[in-house]
Amino acid sequence: MFEKINNQVEFPKIEEEILEFWKKENVFEQSKNIREKNKTYVFYDGPPFATGLPHYGHILASTIKDIVPRYFAMKGNYVERRFGWDCHGLPVEMEIQKELGFSTSKEIIEYGVDRFNDACRKIVLRYAEEWEKVISRMGRWVDFKNDYKTMNISFMESVWWVFKSLYDKGLIYRGFKVMPYSWKAETILSNFEENLNYKETQDHAITVKLPLVEDDKTFFLAWTTTPWTLISNLALAVGGDLEYAKVKRGDEIYYLSDASLIRLFKKEEVTVIEKLKGRDLIGIEYQPLFNFASKEIKDHKNAFRVLDGKDYVSEEEGVGIVQMAPAYGVEDFEICSQAGLPCFDPIDNAGFFNSKIDFIAGMNFKEAEKKIIQKLKSQGKLFKHESIHHSYPFCWRTDTPLMYKAISTWFVKVTDFRDSIISNNQKIHWEPKHIKNGRFGKWLENVHDWAISRNRFWGTPLPIWESENGDILCFGDIASLEKASGKKVTDLHKEYMDVIVIEKEGKKYRRIPEVLDCWFESGSMPYGQNHYPFENKEAFDKNFPAHFISEGLDQTRGWFYTLLVISSALFDKPSFQNVMVSGLILAEDGKKMSKRLKNYPDPSYVLSNYGADALRVYLISSSVIKAETLKFSENGLKEIVKSIMIPLWNVFSFLTTYANIDGWDQNSHFEVEELHHPLDRWLFSYRQTLIEKINLSMENYQLFNAVPPMIDFIEKLTNTYVRRSRKRFWKSENDEDKNQAYFTLYENLKSFAVILAPFMPFVSERIYQVLRREKDPISVHLEDYPTYRVIQVDKELEKEMEWVDKILSMARALRLKNRLKIRQPLKKMIIVNKNHAWLKEILNQNLTTIKEEINVKEISFEFNEIDYVEYQAKIDFQKLGKKFGSKIKTINNKVTSLSNEEIIHIHEKGNFSFDLDGETITLELADLDIRRQEKQGHVVFNQGELTCVLDVELNQDLIDEGYAREFINRVQKKRKEMDLNYTDRIKVFFHSSKVLKNAIEKKSDTIEKETLANELCFVNDNEDDWLKDAEQDELNEEQCLIKITKIRLLLK
């Protein structure tokens, strides 16, 4: 006997019970232990920050990271699944700065780096418990006890090893460059971090007048969207080959690009004095807007002159003359450096102007812009003031606009091995595939050297000690540092490293102040989590690169990139073989999910109301799994429960209920070839096709191709197998046919639970627990994943069932289109098919099924379509356009005018010819696009070469049967509402019109049999007490009151 299964199911409650079962039986550990000696499958888990709660993006990633390792574990592999925590970096530091009320690095230093870092250490796992709760509730199996943390000394030592390895290869250098700079965090960012948070923003766009030294009534016009940089202006740049104009307006003369004339002036406003090339302006000296820079940079021969901007200067926007502030622009720095100009940087690390810039001293550079513009205006140097709406990079952690700042920093010389990175990318299998050579590949083609040092505190310190004269010592392990310093090292963080002074050959070496970019740590994760190469070297070398990783699309600029850069530099190979990239989840309104706006359901609410399985399937069956955007919808979850989970559960309930009623023995067994009923053999075959599809999809990491076949199988299981086999289960005698039906449904449902396990781990476990035999593993997740068994496959039978399904689908569509209820029997359906004589034989074998499903009394076959469809023909323009040229329209007119009979003749002959201006034109059947259209006046549905026709004329017997079927339906609904057992007998009371009463009495035997009613009692108007609780029903426009009572059997 099976456990009794209630068809009123609460999936979240079941999931909570399953979680307890897994915990009690230690199933996750068992799943690893039984495969420990098997082939290793390596999965890398990208570490999240635990300073915030997990959101739907994390839940999506965790779902993918559970499904794939589960699948490959069930395929017999040993899969270690270690959770990781990203402990260092700006997210943690910003949190502590906020708590301590600090806004600058100076305050941190005054407070004490040791105290600050200790505070960081204490909060890095602030939400670890909540993370574990949510991740576990999603059904993800991952090892939290054996996790890795980037702040652990073993992890940090491996990061040092990576750095030292790159240093020894000559791939690390210190450079002075203009870099993206977060003034709020007081640190540079890498070029890929720069791209993580672009926003549409409005900025000032001003055109300024810079008078020439030789003539203060002649001006260069220069345009900028960063007025704050004008304080540090040292030069102007023009395009040497661009056209410029010297124009006069009033008593002032201006130089600007010829292309910008029309944008700045009306024709009558100016007089063009001359046209000239940009190279003619190079070297001309101008007067600076402000004197701050000129005080610092005295008498430099190229200061405040026009320089050759080469390709940097564009005519598309501005005035073709660009102001150069080498401290704050990449191109400015490059052009001015070539001219030997230094940088003038009056802004401190926190983004404030220093005291030398008197009128804006102490102001934030962005806030100072209004005063700068006002100053220029008051001095007559502002030519034009506008606003510009453009996309601008913001800091990904502080959400403040970036500045670009010339600063000394440490780099990985990525440009030296860019070709290796690009080549290694070609060895990776990307899903979706277009990312490989698209978003990611194009990014790789233009990569710059990677700035890896940060002017921060909580991170892995750069392992570099430097003497006063610039000699460097670089360490890649703790032992070497201990030997060189004579100090015992127990922690590698900044406050411990900065106090270590190394004396060597009469020189004192002190550690440089920077820490490593946390992205460098995450890119070193494969080595850090294994403490490579200090431990686990053999196992790591054997299983590198990893088989699989997965994260969101944003990581093409982040983790995916840093992993590939570091592994390419170390080993000239990728660090992962396969990667699945997911998209972004937005709120249903298309906006970013916001707690403030409350525009999305909280994950805890979703898990409590719909369950993890529903959420998992909703996510992995959506476009987000293809790296596209998903607008999260609660209605989508409801649909998953309604159309997938409940139908599956109903099949499960159906099997266990009727098997218990009949006392069916689950140890019964048949070989597939022993099964008599074609539906049984079909289901076994169809399941093998499902296994083949899923295995192929999962081996290719195409999760988006694995889900639809499972959903389709549930539909086929419920609406094809169970629906068409119900009478085999309902019949009273326990013959071999019923036994084989039970066996077929049992074996396929139990096997489907195993197939489903990686994707829907909870409901599959529940089904398996009830259906498992004594000798089976205690959990579905300890089973081996099914392999494709070709011996059970019957493709011909599957093809036959496809044709049957196609006929049924067309007939149902025809009923729906013509508002013919499925419970209303019809006299006849005609199936018309011109070319497939064999189809009649296939359908004849399934006539009983088709008649029952479509609810028709008779089916006939015809081969002549002409009575039901009209033909329309046109030519294939794409195919024949070149061949016939200008004649193509005339030829098409001839084709479109063909009659039904002519098109039929062409079909039979295979071609047709006609005369066109004395030339014989011959067209083959393949040159034509022939379509069928239903003729008016018939209830007909056409699809290609197949046509279905319904005879909708109703006689009294058909009408009565329609009433009876509607009556049965209402009674069955009331049985369900009363939660009656399938075997409970009932008594039915009803009151209706005379027409309906006659039909019910006429069909009473059928009604009583199908509803398990012992009696149908018609109640007169004067006996309304019997029906006082009954609800009014409408049966084919006839009113009816129905009430049922359970018959209680008396035991003698």
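K209 lies over the face of F219, 4.9 Å from the ring centre. K405 takes the corresponding place over Y181, at 5.8 Å from the ring centre. A charge sits over a ring here if NZ of Lys or CZ of Arg is within 6 Å of the ring centre and within 35 degrees of the ring normal. The model is a predicted one, in which local features need pLDDT of at least 70, side-chain atom pairs count only at pLDDT 80 or more, and totals for chains, interfaces and linings use all residues. Residues are numbered from 1 along each chain as its sequence is written, and side-chain values use heavy atoms, with hydrogens and water left out.

Strand β5 spans residues 172-182. Helices (H or I, at least four residues) and strands (E, at least two) are DSSP runs, numbered from the N terminus. Eight of the 11 residues of β5 are buried, so the strand is largely enclosed by the rest of the structure. Buried means under 20% relative accessible area, exposed over 50%, and partly exposed in between (1.4 Å probe, protein chains only). β5 runs antiparallel to strand β16 (residues 403-412), and 10 bridges join them. Two strands pair if DSSP finds at least two bridges between them. V178 stands opposite A406 in β16. β5 also runs antiparallel to strand β6 (residues 187-188), through two bridges. There, S182 stands opposite T187. The hairpin of β5 and β6 has four residues between the strands, and E186 takes a positive phi near 60 degrees.

Axes are lines fitted to C-alpha atoms, for helices over the stretch in contact, and angles run from 0 to 180 degrees between N-to-C directions. Contact means heavy atoms within 4.5 Å. Within the sheet, β22 and β23 (residues 507-511) pair in the antiparallel sense over four bridges. R510 in β23 is the bridge partner of V501.

Aromatic pairs number 72. Rings of Phe, Tyr and Trp (its six-membered ring) pair if their centres lie within 6.5 Å; planes under 30 degrees apart count as stacked, over 60 as edge-to-face and the rest as tilted. One of these pairs, W161 with Y532, is edge-to-face, with 5.4 Å centre to centre and 85 degrees between the planes. The pair links distant parts of the chain, 371 residues apart. W161 belongs to helix α8, and Y532 to the loop between α20 (525-528) and α21 (537-542). W161 is buried, with a relative accessible area of 18%. Y532 also counts as buried, at 4% relative accessibility.

The rings of F729 and Y742 have centres 5.0 Å apart and planes at 70 degrees, so this pair is edge-to-face. F729 lies in helix α27 (residues 703-730) and Y742 in helix α28 (residues 736-756), so the pair ties together parts that are 13 residues apart in sequence. F729 is buried at 2% relative accessible area, and Y742 at 1%. Ring pairs link F729 and Y742 into a cluster with F2, F654, Y658, W664 and Y746.

Helix α28 also meets helix α26 (residues 678-699): their axes come within 9 Å and cross at roughly 10 degrees. Angles under 35 degrees count as roughly parallel, over 145 as roughly antiparallel, 65 to 115 as roughly perpendicular and the rest as oblique. α26 and α28 are therefore roughly parallel to each other. Residues making the contact include L683, F684 and R687 of α26 and F743, T744 and E747 of α28.

Some backbone details fall in loops. The peptide bond from Y532 to P533 is cis, with omega near 0 degrees. P533 is placed in the loop between α20 and α21. Another cis peptide bond joins F544 and P545, with omega about 5 degrees. P545 lies in the loop between α21 and β25 (549-552). Y701 is not a glycine, yet has a positive phi of about 55 degrees. Y701 lies in the loop between α26 and α27 and is buried, with a relative accessible area of 5%. L1012 likewise has a positive phi, near 55 degrees. L1012 is found in the loop between α38 (1004-1011) and β38 (1013-1018). L1012 is partly exposed, at 22% relative accessible area.
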